Amino acid sequence: MEPTEAPALRAALAEGVSKWKPRALAMAQQIHALKEVSFEEVHSARAAADLLAEGGFEVDRGTGGLPTAFTASAGSGELTVALCVEYDALPDIGHACGHNLIAGASVAAALALRPFVDELGITLKTIGTPAEEHGGGKALLLERGAFDGVSLALMVHPVQDGVTYNPAGTSAQAVGRYRATFTGKAAHAAAAPHQGVNAADAAVLSQVAVGLLRQQIPGDHRIAMYVAEAGHVTNIIPERAVVEFECRAFTLKEYEVLLERVRRCFEGAALATGATLAIEDTEPLYAPLIQDDALAAHWTEAMDVFGKDTSPSAGISGGSTDMGNISQVIPSLHPWLSIPGADVPIHSHAFAALADSPEAYAVMFEAATALSWTVAAAATTPTERARLIKAAYRRQTDTQEGTP
């Protein structure tokens with residue numbers, strides 16, 4: 001295929017998004033209606049993978065041993081591009097984080113790029129990444145080789161109205177999630193309470209201690225927790241209590257300091273009540289998000305075409321994503337997609353409804369076009385292409401490190 005001039009290529013990619021709009025819209029609406037939660041996105045993953053197969057991609061299902069992951073590949077160029085597809089919902093409130101829009105934007109962009117992979121000299125991988133909300137699907141896929149050889153990774157994420165489309169300088173927090181289990185000693189609550197060790201009391205004390213700690217932590221740190229178990233009947237001193245908790249900070253160093261302070265709150269509660277304590281990880285650690293400046297500039301230029309607000313951002317003040325793990329080792333772009341009229345918080349029933357609105361789907365397709373333009377710009381800018389090829393991700397394995 002003869003090289004296409006940039007304006008003509010942009011027009012062709014926009015036309016490609018338009019061509020696939022009915023099918024991509026139906027897929028995004030279907031994913032919204034399914035409301036499948038982390039690692040259970042069977043039908044959502046199938047809908048995305050089937051549409052990509054229809055568009056000419058070779059699809060490998062069950063990538064990395066995750067049944068609801070997939071990799072759809074096209075092309076054989078030296079520059080390997082990954083478009084990440086998310087499709088998990090939140091328990092009870094559905095797509096209150098708009099992952100149906102993430103899926104629609106990435107899949108539509110991939111379908112538009114498919115006819116131009118040889119011209120652009122790229123290997124295009126559209127990777128279905130389950131369990132972003134809980135479970136760290138991208139972290140697991142990164143560890144298991146799904147991103148080996150990838151030079152740049154991209155996706156978009158919906159947020160409320162009024163957020164700038166300029167991702168430069170924005171980030172997301174590291175987050176780790178844990179389960180604290182207190183073990184006490186059961187006893188009759190009326191006849192012999194003094195012979196028991198109340199694990200539920202330890203859970204209460206840990207909540208009080210963490211609540212008091214909040215006054216002494218930086219304003220951009222976050223701690224969240226809830227009691228998952230603390231007894232079952234009133235006439236037995238609870239011998240087991242479980243508290244689920246998470247910590248967030250914008251740097252890994254700050255995160256580690258915060259986690260240690262929170263851990264001491266639980267240890268103090270155990271000491272005070274005489275209970276024993278066990279703390280275990282429940283999910284992979286989500287690393288802070290790093291936006292690639294050059295990719296951000298291409299994206300911002302594309303969104304200028306659509307008349308969006310691309311003023312410099314003060315940064316995103318909260319939230320976490322397993323895309324952070326990808327961004328730590330691969331040049332990445334994770335811009336924010338502002339839904340018109342969305343003046344409610346994400347992770348709410350109201351935002352879930354807005355994620356299925358005509359306004360949301362309109363900006364989803366603008367984002368799909370901008371993603372395809374960003375990939376094309378990166379692939380056709382010689383210095384940037386060379387930088388990205390050099391940055392291709394290579395896992396450090398025992399064999400690579402020289403260990404038999």
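Modeller: Happy to! Let me begin with terms: helices (H or I, at least four residues) and strands (E, at least two) are DSSP runs, numbered from the N terminus, and the expected span of a helix is 1.5 Å times one less than its number of residues. The model is predicted, so to speak of local features we need pLDDT of at least 70, and side-chain atom pairs count only at pLDDT 80 or more, while totals for chains, interfaces and linings use all residues. Residues are numbered from 1 along each chain as its sequence is written, and side-chain values use heavy atoms, with hydrogens and water left out.

At the start of α8, a side-chain oxygen of Asp292 comes to within 3.2 Å of the backbone nitrogen of Ala294. Just after the helix, Gly307 has a positive phi of about 75°.

Now the rings. Rings of Phe, Tyr and Trp (its six-membered ring) pair if their centres lie within 6.5 Å; planes under 30 degrees apart count as stacked, over 60 as edge-to-face and the rest as tilted. The whole structure holds 5 aromatic pairs. One of them, Phe182 with Phe266, is stacked, at 6.1 Å centre to centre and 25° between the planes. That pair joins distant parts of the chain, 84 residues apart: Phe182 sits in strand β7 (residues 174-183) and Phe266 in helix α7 (residues 252-273). Phe182 counts as buried because its relative accessibility is 0%, and Phe266 is buried with a relative accessible area of 0%. Ring pairs also link Tyr178, Phe182, Phe245 and Phe266 into a cluster.

Finally, the cysteines. A disulfide is a pair of cysteine sulfur atoms within 2.5 Å, and by this rule the count is 0. The sulfur of Cys84 is 15 Å from the closest cysteine sulfur, in Cys97, so the two are too far apart for a bond. Cys84 counts as buried because its relative accessibility is 0%, and Cys97, at 6%, counts as buried.

How values were computed. Polar contact = N/O pair within 3.5 Å; in protein donor to acceptor, adjacent residues only side chain to side chain. Buried < 20%, exposed > 50% of the residue type's maximum accessible area, 1.4 Å probe, protein only.
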